[in-house]
Amino acid sequence: MNININEIKNGMTIIIDGKLCLIEEFQHVKPGKGSAFMKMKLRNLRTGSLVEETYNTNIKIEKARVERLPMQYLYSMGDSYVFMNTETYEQLELPESKIADQVKFLKEGLDITISMYDGEMLGVQLPEKVEYEIVETSEAVKGNTTNNATKDAKIETGHTVKVPLFISQGEKVLISTQDGKYAGRA
């Protein structure tokens, strides 16, 4: 579907110059002399790169229809991860290479969203914060009272995170999936 460039919005997915892009930010510029133009920050959904482009305001662009499917992580099978669509109960198997950054946060039963375009998987969106159980951690060192003192703790997925000294094995904590940091007790 072609739309006028003046109809764009932040978060819209478009195809421009043959690339599938997400509009992160845009600005309509009308200089004192000359014609108006549109400055856009575009994220290429296939490569993840961010570019700034400038376009005339009289061009038409193609709006891309990206599906966001509600999925649930079921289990891993070697280098593949199996997800189930929570609406149709269809299963989808993805190779580790497609979800490399998110693997450390996947636990059975976790609800996620998968973005698809024309049958091509673009990405996996995890919840902002997820509750995990601490399966292994060292004891706090007596007398270590520095500000924001932390220690390593292994969560149920096998990923190691830094947690405050008062957190012990068996406790449930919230971890931010954006940066992998401790976000509080559950």
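**Exercise 1.** Determine in which strand Thr 13 lies and whether Thr 13 counts as buried or exposed.

*Solution.* Thr 13 belongs to strand E2, residues 13-16; strands (E, at least two residues) are DSSP runs, numbered from the N terminus. The model is predicted: local features need pLDDT of at least 70, side-chain atom pairs count only at pLDDT 80 or more, and totals for chains, interfaces and linings use all residues. Residues are numbered from 1 along each chain as its sequence is written, and side-chain values use heavy atoms, with hydrogens and water left out. Next, take the accessibility: Thr 13 counts as buried because its relative accessibility is 6%. Buried means under 20% relative accessible area, exposed over 50%, partly exposed in between (1.4 Å probe, protein chains only). Finally, list the contacts (heavy atoms within 4.5 Å). Leaving aside neighbours within four places in sequence, the partners of Thr 13 include Leu 20, Leu 45 and Arg 68.

**Exercise 2.** Give the strand order of the open five-stranded sheet and identify its edge strands.

*Solution.* The order is E9-E8-E7-E10-E11, with antiparallel pairing; two strands pair if DSSP finds at least two bridges between them. Strand E9 (91-95) and E11 are the edges, each pairing on one side only. E8 and E9 run antiparallel and are joined by five bridges. Within this pair, Tyr 81 stands opposite Leu 94 in E9.

**Exercise 3.** List the contacts of Leu 106, not counting residues up to four places away in sequence.

*Solution.* Leu 106 touches Tyr 73, Tyr 81, Phe 83, Ile 99, Leu 126 and Thr 157 under that condition.

Definitions and conventions
Helix = DSSP H or I, 4+ residues; strand = E, 2+ residues; numbered from the N terminus.
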